[in-house]
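Colleague: I have just been handed this one and would like a walk through it. Could you show it to me first?

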Amino acid sequence: MSLACQIFLLIFVFSIQGAAPANDDIVWGTLGQDINLDIPGFQMINIDDIHWEKGKKKVARFQISNKPKNPDEKYNVSMNGTLKIKHLMLEDSDTYKVVIYDKDGKNALEKTFQLKIQEKVSTPNIDWNCINKTLVCKISNGTDPELKLYVNGTSIKPVSSKFSTYRFINKQKILVNCTAENKVSKESDVKMITCSEKGLDLYFIIGVCGGSTIFVIFMVLLIFYINKRKKQNSRRNDEELEIKACRVTTKKRGPKPCQVPGSTPQSPAASQAPPPPSHRPQAPGHRPPPPGHRAQHNQQRKAPPPPATQVYQQKGPPLPRPRVQPKAPRGATGNS
């Protein structure tokens, strides 16, 4: 045999050995639930020992003479050879192999299982929009889901996704059936969609009227604000012009005060306050009275006015005091 034929035979043998067995059974498990790997067509006749392996690791064993000691473990083998796996997780996806021996120690059976884990699909949710004439079917959970839509009994092309959309045209009533499924679960929902033309017009009118109302309110507020600013600026300009005119008039006519609109005029008494007593102006030639007359004058000045009379309050600067001449002593008058 030539060298090329030998190489070809070797490659063929290795390819057969590396390939997966053709009799593998694919088993689907639900995430978070338990599963039983049953051996189809198996009977416990003259059987002594059962081994279960995950990949290349032994996970469980059952012997007729020795019953399982830890039935609460994750892996448990029953008397008929079934392997029970509790609370499946994603890492439990693997190849499981069972090897059975009889009482003579001979290999009675070998079988391989391919376990795959999927998450259960959730109930579909159907939503629609009458203005855009679109409907959406979607789910929130599920591994490798497939969505199928049926509109009025007509099947729509299924999609391998968690949501599916459909656009309907000129249909007032639509019966929608949405189904979500994968290898371990199946859920569906049915809705009757009603979209009338009046409803569409009503939605459109409400939207337009609402937008127009907001725009009108905005324009009214803007016009009010502009008018208010114009009035404030006009009033300010008028006050500035009156102040300038008042200054010009004051320079021409004299020191007469000029009243500006908006300012409070001052009374003459407040504008012309009397000077302090120590600085009051005195008339020329006035002489202070003698001490005796000064004391008498102070007593007369301190006497309160009668209650029936009203004291006249003089406005403006004080008037000059009358000159009072001192009286001569009596003895001096007789001598003269």
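Modeller: Before we look at the sheets, a word on pairing: two strands count as paired if DSSP finds at least two bridges between them. Please also keep in mind that this is a predicted model.

Colleague: Okay, so in what order do the strands of the 4-stranded open sheet come?

Modeller: The order is E12-E11-E14-E15, and the pairing is antiparallel. Strand E12 (154-155) and strand E15 (186-194) stand at the edges, and because each has a single partner strand, one side of each is left without a neighbour in the sheet.

Colleague: How many bridges join E11 to E12?

Modeller: There are 2 bridges between E12 and strand E11, which covers residues 146-151, and the two run antiparallel. Across this pair, Val151 stands opposite Thr154 in E12.

Colleague: And which strands make up the sheet of 3?

Modeller: That open sheet is ordered E2-E6-E5, again with antiparallel pairing. Its edges are strand E2 (35-37) and strand E5 (75-77), each with a single partner strand, so one side of each lacks a neighbour in the sheet. On average, neighbouring strands here are turned by 25° against each other, direction ignored.

Colleague: What about E2 and E6, how many bridges there?

Modeller: E2 pairs with strand E6 (residues 83-85) over 3 bridges in the antiparallel sense, and Ile35 stands opposite Ile85 in E6.

Colleague: Switching topic, which residues form the nonpolar patch on the surface?

Modeller: The patch is formed by Phe215, Val216, Phe218, Met219, Val220, Leu222, Tyr225 and Ile226, which together have about 770 Å² of accessible area.

Colleague: Where is Leu222 found?

Modeller: Leu222 lies in helix H2, which spans residues 197-253, and Leu222 is partly exposed because its relative accessible area is 36%, between the 20% and 50% cut-offs.

How values were computed: Residues are numbered from 1 along each chain as its sequence is written. This is a predicted model: local features need pLDDT of at least 70, side-chain atom pairs count only at pLDDT 80 or more; totals for chains, interfaces and linings use all residues. Side-chain values use heavy atoms; hydrogens and water are left out. Patches are made of residues with over 30% relative accessible area and no salt bridge: like charges are joined within 9 Å, nonpolar side chains (Val, Leu, Ile, Met, Phe, Trp, Tyr) within 5 Å. Accessible areas come from the Shrake-Rupley method with a 1.4 Å probe; for residues, only the protein chains shown count as cover. A salt bridge is a side-chain nitrogen of Lys or Arg within 4 Å of a carboxyl oxygen of Asp or Glu. Buried means under 20% relative accessible area, exposed over 50%, partly exposed in between (1.4 Å probe, protein chains only). Axes are lines fitted to C-alpha atoms, for helices over the stretch in contact, and angles run from 0 to 180 degrees between N-to-C directions.
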